[in-house]
Amino acid sequence: MTADGDETTRERTPWGQIARDGLWDNNVVLAQMLALCPLLAVTGTATNGLGLGLASLVVMVASGLLVSSLRGLITPQVRIPVFVLIIATLVTLVDLAMNAWLHDLHKVLGLFIPLIVTNCAILGRAESFASRNRVAPAVFDGLMMGIGFTLVLMTLGALREIIGSGTLFANASLLLGETMGFLEMTLIPDYRGFLLMILPPGGFLALGFLLAGQRLLKRFRLPIGRGAAKTSAASR
């Protein structure tokens with residue numbers, strides 16, 4: 001392909017659409033309903049959600065980079081095993097790094113770090129996007145998908161933690177390092193807590209409210225968009 005062709009392809013990359021898909025329209029949890037097992041298991045606090053989200057984000061970005069870089073060398077017949085091998089290698093590196101530098105958080109998250117390998121969202125993006133696009137869009141897609149997943153993990157964890165114990169980012173300095181101590185807050189002093197929200201059933205309830213909220217926001221946005229489109233068409 002010529003330099004002009006590369007430039008044309010670069011200009012046509014839908015960066016905005018990639019960002020919207022990762023953060024909202026095709027969010028790993030809110031739209032695809034994937035990774036629900038770790039989502040519900042570790043989001044007892046916002047700190048745990050942030051830790052697992054950042055670990056998943058690193059794997060998503062790195063897998064997008066490697067899969068896109070090697071897409072010309074990977075034959076279609078073996079692409080899935082190779083993608084799984086790449087993701088498993090990256091997860092192992094992240095697991096070892098967290099065990100070395102964030103040992104307390106590693107102990108809390110436990111088995112759910114290695115289980116990132118089984119996250120269908122990561123393999124799905126490698127197959128459907130990274131293996132078919134250039135490096136820059138593939139990395140950006142992994143970044144947006146990872147940020148979207150992390151935001152949902154933190155939001156769910158924060159919701160359960162605030163209602164359950166009246167705190168936010170509890171033990172952040174212990175689990176994420178002393179530099180993250182500024183995140184720790186007590187929002188409701190002398191709060192006795194609501195144990196149900198911290199237990200597994202609370203995860204299902206909080207996720208249900210989160211999904212319902214997203215559906216309501218989408219429903220209220222649609223009439224506005226259609227009205228604006230009709231007004232624009234009429235003015236023309």
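**Terms and model**

Helices (H or I, at least four residues) and strands (E, at least two) are DSSP runs, numbered from the N terminus. This is a predicted model, in which local features need pLDDT of at least 70 and side-chain atom pairs count only at pLDDT 80 or more, while totals for chains, interfaces and linings use all residues. Residues are numbered from 1 along each chain as its sequence is written, and side-chain values use heavy atoms, with hydrogens and water left out.

**Two loop residues with positive phi**

Most residues other than glycine have a negative phi. Asp 190 has a phi near 55 degrees, a positive value in a residue other than glycine. Asp 190 sits in the loop between β2 (185–186) and α10 (195–198). Its relative accessibility is 81%, so Asp 190 counts as exposed; exposed means over 50% relative accessible area, buried means under 20%, and partly exposed lies in between (1.4 Å probe, protein chains only).

Met 33 also has a positive phi, near 55 degrees. The loop that holds Met 33 runs between α2 (15–25) and α3 (36–42). Met 33 is partly exposed, with a relative accessible area of 35%.

**Salt bridges**

There are four salt bridges in the structure, each being a side-chain nitrogen of Lys or Arg within 4 Å of a carboxyl oxygen of Asp or Glu. One of them joins the side chains of Glu 127 and Arg 79, with an N to O distance of 2.9 Å. This pair links distant parts of the chain, 48 residues apart: Glu 127 belongs to helix α7 (residues 120–128) and Arg 79 to helix α5 (residues 79–101). Glu 127 counts as buried at 18% relative accessibility, whereas Arg 79 counts as partly exposed at 31%.

Glu 127 also meets the side chain of Arg 132 in a salt bridge (3.6 Å, N to O). Arg 132 is exposed, with a relative accessible area of 58%. Through shared partners, salt bridges join Arg 79, Glu 127 and Arg 132 into one network.

**Arg 125 and its partner**

Which residue forms a salt bridge with Arg 125? The partner is Asp 141, and the closest N and O atoms are 2.9 Å apart.

Leaving aside neighbours within four places in sequence, Arg 125 is in contact with Asn 26, Ala 130, Asp 141 and Met 145, where contact means heavy atoms within 4.5 Å.

**The nonpolar core**

In soluble globular proteins, nonpolar side chains tend to be buried together. The largest nonpolar core here has 49 residues; such a core is a set of buried Ala, Val, Leu, Ile, Met, Phe, Trp, Tyr and Cys residues joined through side-chain atoms within 4.5 Å. Val 28, Val 59 and Ile 116 have the most contacts inside this core. The elements that give two or more residues to this core are α3, α4 (46–70), α5, α6 (103–109), α7, α8, α9 (172–176) and α11 (200–235). Helix α4 provides the largest share of this core, eight residues.

Not counting residues up to four places away in sequence, Val 28 touches Met 33, Leu 34, Ala 35, Met 60, Ala 121, Met 145 and Phe 149.
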